[in-house]
Amino acid sequence: MKKTCILLRNSSEVWIPEEKADQLAQALLDGTAPRFVKLTDAGNRMINTADIVEFLSQEQMDDKARIKNGEWQCDQGGWHSKKQKCDCASMAMQKVRDREDEERKKELSKERTPAEQARINKRLNQMREDLAKRLGWASKKK
Ligand SMILES: [Zn+2]
């Protein structure tokens, strides 16, 4: 089950099921949330809804922890340590290049097998002959 973290003003984190957090968030948006809520999924903890600072998903909490540890996120969405330079774009480019190389090699190896080429030529000739025969037969029938 997915959980959401309710971050309180005193920096304490309360984790409750995502669904219930969404309901509470909606009530706060609508202005219908009570002043206090009892969180049955968090040890019946009573919290003052006015003390809620943020609702955060697990991923957002992980990101927060990374930033706290001095990591940073680049435009490509990769995480890097403080001193590390981002090489995500060149890595992605290299991957594409590698794949192209591999495909080119495959194509080349296909052309390079003389036995295979001979087999293809033979099959093409046969198809041509068959077609000629069939056409000849068809025209005779007309
Ligand atoms: Zn990067």
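What is the bridge partner of K38 in β4?

Author: The bridge partner of K38 in β4 is M46. Before going further with this pair, please keep in mind that the model is predicted.

The pair belongs to two strands, β3, which covers residues 36-39, and β4, which covers residues 45-48. β3 and β4 pair in the antiparallel sense, and four bridges join them. Strands of a sheet pair through backbone hydrogen bonds, either parallel or antiparallel. Together β3 and β4 make a hairpin with five residues between the two strands, and in that turn G43 has a positive phi of about 60°. N44 lies in the loop between β3 and β4 as well, and its phi is also positive, at about 55°, although N44 is not a glycine. Such a value deserves a remark, because most residues other than glycine have a negative phi. N44 counts as exposed because 8 C-beta neighbours lie inside 10 Å, and the cut-off for an exposed residue is 12 or fewer.

S11, which is not a glycine, is found in the loop between β1 (3-8) and β2 (13-17). With 7 C-beta neighbours inside 10 Å, S11 counts as exposed.

The pairing of β1 and β2 is part of an open sheet, in which three strands stand in the order β2-β1-β5 with antiparallel pairing. The edges of the sheet are taken by β2 and β5 (52-57), each of which has a single partner strand, so one side of each is left without a neighbour in the sheet. On average, neighbouring strands of this sheet are turned by 25° against each other, direction ignored. Helix α1, made of residues 18-30, packs on the sheet and touches β1, β2 and β5, and its direction makes about 105° with that of β2. Helix α2, made of residues 58-68, also packs on the sheet, touching β1 and β5, and its direction makes about 105° with that of β5.

α1 has 13 residues and reaches 18 Å from its first C-alpha to its last, close to the 18 Å expected at 1.5 Å a residue. Just after α1 comes G31, with a positive phi of about 80°. The loop between α1 and β3 then holds A33, which counts as partly exposed because it has 17 C-beta neighbours inside 10 Å. Leaving aside residues up to four places away in sequence, A33 touches L24, A27, L28 and T49. A33 and E71 are 38 residues apart in sequence, and their C-alpha atoms are 36 Å apart in space.

Further along, K83 is placed in the loop between β7 (79-80) and α3 (88-112). K83 is exposed, with 6 other C-beta atoms within 10 Å. K83 and G70 are 13 residues apart in sequence, and from C-alpha to C-alpha they are 9.3 Å apart in space.

Finally, here is the setting of these parts in the chain. The protein chain has four helices and seven strands, and from the N terminus on its elements run β-β-α-β-β-β-α-β-β-α-α. The domain assignment gives domain 1 (3-69) and domain 2 (88-135), and the centres of domain 1 and domain 2, taken over C-alpha atoms, are separated by 59 Å. The radius of gyration of the protein chain is 33 Å, whereas a compact globule of 142 residues would have one near 14 Å. Along the principal axes, the C-alpha atoms fill a box of roughly 95 × 50 × 25 Å. Buried residues make up 4% of the 142 residues in the protein chain. Among contacts between residues at least 6 apart in sequence, 34% join residues at least 24 apart.

Definitions and conventions. Residues numbered from 1 in each chain as written. Predicted model: local features only at pLDDT ≥ 70, side-chain atom pairs only at ≥ 80, totals over all residues. Buried ≥ 20, exposed ≤ 12 C-beta atoms within 10 Å, placed from the backbone. Domains from an automatic or database assignment. Pairing = 2+ DSSP bridges. Axes fitted to C-alpha atoms, helices over the stretch in contact; angles between N-to-C directions. Contact = placed C-beta atoms within 7 Å. Expected span 1.5 Å × (residues − 1). Rg over C-alpha atoms; globule rule 2.2 N^0.38 Å.
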